[in-house]
Each structure stands twice: as structure tokens, then as C-alpha cells.
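Please read them with the structure open.

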Amino acid sequence: MKRGIALKRDWIHGWLLLLPAMVFLFAFTHIPAVTTFLNSFFSTPRGRRPAKFIGLSNYERMLDDPVFWKVLWNNVWFAFGTIPVSVGLAIVMALWVNDRLVGRSFVRMAYFTPTVLPLIAVANIWMFFYTPGFGLVDQITGALFGWPASNYLGNPDTALNAIIVVTVWKEAGFFMIFYLAALQAIPVTLKEAAQIEGAGRWTIFWRITFPLLMPTTLFVCVNAVINSFRLVDHIFILTGGGPDNASALLLFYIYEVAFRFWETAYGATLTVALLVLLSLLAIGQFFFFDRKVHYK
């Protein structure tokens with residue numbers, strides 16, 4: 001009897017500890033998601049005109065919207081440009097600063113510094129770098145190669161790629177911290193045993209280190225995918241989505257539709273499409289990494 005009362009008391013205490021987090025989770029995640037999904041089937045209320053149920057009209061509008069398909073393709077290109085490069089750089093940097101290195105603490109700090117900078121500050125720094133004629137990029141390319149001044153942010157062919165460079169510069173150091181922690185958790189005896197057997201550095205990395213980093217890789221990849229679809233700040237400062245939507249991404253387009261043009265219902269529809277896309281990508285990553293996460 002006393003044991004049953006103690007278990008019930010522990011159960012109540014456990015739920016009370018979870019209650020604040022659950023309240024915030026439902027209030028700021030689940031309820032807004034459900035509300036957004038429901039609003040996508042209604043028109044946008046304006047003044048005294050209330051919202052009306054219009055069924056799938058917003059989704060039909062989305063499928064016929066050329067800007068939606070353009071920013072979606074931009075986002076796909078942006079994801080393919082940022083995720084592999086930032087994750088690969090993070091692994092290389094983590095391996096570098098994990099070894100015995102003169103000034104290792106300083107190098108770690110240098111790699112991680114872009115991560116702690118505010119997004120707006122990063123965008124303004126790189127806006128100075130990309131300034132035609134006077135920016136750091138043109139100064140270097142002009143002095144070394146004699147190239148003429150280029151408007152990287154104003155050219156439709158280079159605007160999105162310029163933002164990809166900024167994003168990789170900021171995110172690689174953040175992902176490096178997770179890989180560094182994972183590397184330090186790998187037993188040194190595994191590496192020593194492989195060295196005794198005559199394995200080289202590449203063999204040790206590919207056969208021992210990298211497989212043991214797979215759980216971290218899964219976590220980093222999921223976060224990298226989410227980050228690649230939620231970028232707004234850099235675009236807002238650097239290009240404003242231009243020129244001609246060449247650098248606009250899906251979330252930036254949602255911001256413009258919902259808050260600049262006040263088409264909240266259509267913005268909710270675009271948000272539902274974004275949530276479905278992110279869910280499919282996350283599920284696909286878990287299935288893809290399912291048999292590779294744990295070392296065998």
C-alpha cells in the first residue's frame with residue numbers, strides 16, 4: 001500500500017515537473033501549427049469582412065504561383081549548397097582542433113566566434129565584404145587576380161551563392177562543437193589498437209571514427225536541414241529577396257506574403273507546405289540513417 005502511494009506520488013511529481021515545458025510546447029508549437037493548418041482553408045479577414053471557408057482554393061493558388069516554385073527551387077539549391085559543405089567543414093575543423101595543436105584553444109575560439117555573433121551583425125559584416133569596388137572580396141580578388149569590381153548581391157546569378165557562403169561561415173563552427181564533443185567521447189584505446197594493427201590515419205577515420213560519429217551526424221544533419229529552411233535575417237539585410245526573387249527563400253516569401261502584403265491565409269498555406277516538407281525530410285533522414293547510426 002505504501003509502495004503504491006509512493007509510486008503515485010512520484011508519478012504526480014514527474015508530471016508536475018513536465019507541466020511547464022508541456023504548456024510552452026503546446027502554446028507555442030502544437031496549437032499554432034493546428035491553427036495555421038485550419039486558417040489555410042479560409043480567406044484572409046479584412047476590416048469588417050470576416051474570414052470565409054474557401055476549401056482548397058489557397059492550395060490551388062499556391063500550385064499556380066510561379067514565385068512559390070521559384071523560391072522553393074532556391075531553397076533546395078540553398079540546402080544542397082549549405083548542408084554538405086557546413087557539415088564537412090565542421091568535421092574537418094573538429095578533427096583539427098581535437099589533435100594536439102599549438103594554440104588549440106585560440107583556434108577553437110576562432111572557429112566558434114561566428115556562431116555567437118548576432119545574425120544581423122553577420123549580415124552587415126558580409127554586406128561590407130561584398131560592397132562593389134570597396135569591399136574586402138573585391139579588394140582581394142582585384143589585388144591577386146586583377147578582377148574587376150563585381151556586385152555579388154545585386155547579380156541574380158551570384159546573389160544566392162553569396163548568401164550560401166555567409167551561412168556556411170556562420171554554421172560550420174556551431175556544428176563543429178557537436179563533433180568535437182563526440183570525438184572526445186571516443187575511447188582512445190580504439191585508435192591505439194588500430195595503430196598497433198598497422199592502420200593508417202585514413203583507415204582509422206573511415207573505419208572507426210566516422211562510424212562512431214554517425215549519431216552526431218544525424219543530429220547535425222536534421223538541424224542543418226531545418227536551418228536551411230528558416231533563414232530570413234541574412235536575406236532581409238543583404239538582398240531583400242532580390243533581384244527578382246533570385247535570393248528569396250521559402251520562409252522569407254512567407255514573411256512577405258503574411259506580414260508585408262497581409263495575405264495571412266495564403267501565408268498559412270505556404271507555412272503548411274513548409275512544415276510538410278520539413279517533416280518529410282526529417283523522416284527521410286531518420287530512415288536513411290537508421291542502420292548507420294549505431295556502430296556495428
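1. The secondary structure of this predicted model is helical, with 13 helices and zero strands in the protein chain. The radius of gyration of the protein chain is 24 Å, well over the 19 Å that the globule rule gives for 296 residues, so the chain is more spread out than a compact globule.

2. Taken along the principal axes, the box filled by the C-alpha atoms of the protein chain is roughly 85 × 75 × 30 Å. Among contacts in the chain with a separation of 6 or more, 67% are between residues 24 or more positions apart.

3. On burial and surface, 36% of the 296 residues in the protein chain are buried, and the accessible surface comes to about 18,300 Å², with 70% of that area belonging to carbon and sulfur atoms.

4. The largest nonpolar core holds 59 residues, of which Phe 68, Tyr 179 and Leu 270 touch the most other members. At least two residues of this core are supplied by each of α2 (57-63), α3 (66-98), α5 (119-129), α7 (159-185), α10 (214-228), α11 (233-238), α12 (250-260) and α13 (264-289), and the largest share, 13 residues, comes from α7.

5. Which residues is Tyr 179 in contact with, leaving aside its neighbours within four places in sequence? They are Val 87, Ala 90, Ile 91 and Ala 94, together with Leu 213, Thr 216, Thr 217 and Val 220.

Note on methods: Residues numbered from 1 in each chain as written. Predicted model: local features only at pLDDT ≥ 70, side-chain atom pairs only at ≥ 80, totals over all residues. Heavy atoms only, no water. Helix = DSSP H or I, 4+ residues; strand = E, 2+ residues; numbered from the N terminus. Rg over C-alpha atoms; globule rule 2.2 N^0.38 Å. Buried < 20%, exposed > 50% of the residue type's maximum accessible area, 1.4 Å probe, protein only. Contact = heavy atoms within 4.5 Å. Areas by Shrake-Rupley, 256 points an atom, 1.4 Å probe, with all protein chains shown as cover. Core = buried A, V, L, I, M, F, W, Y, C linked by side-chain atoms within 4.5 Å.
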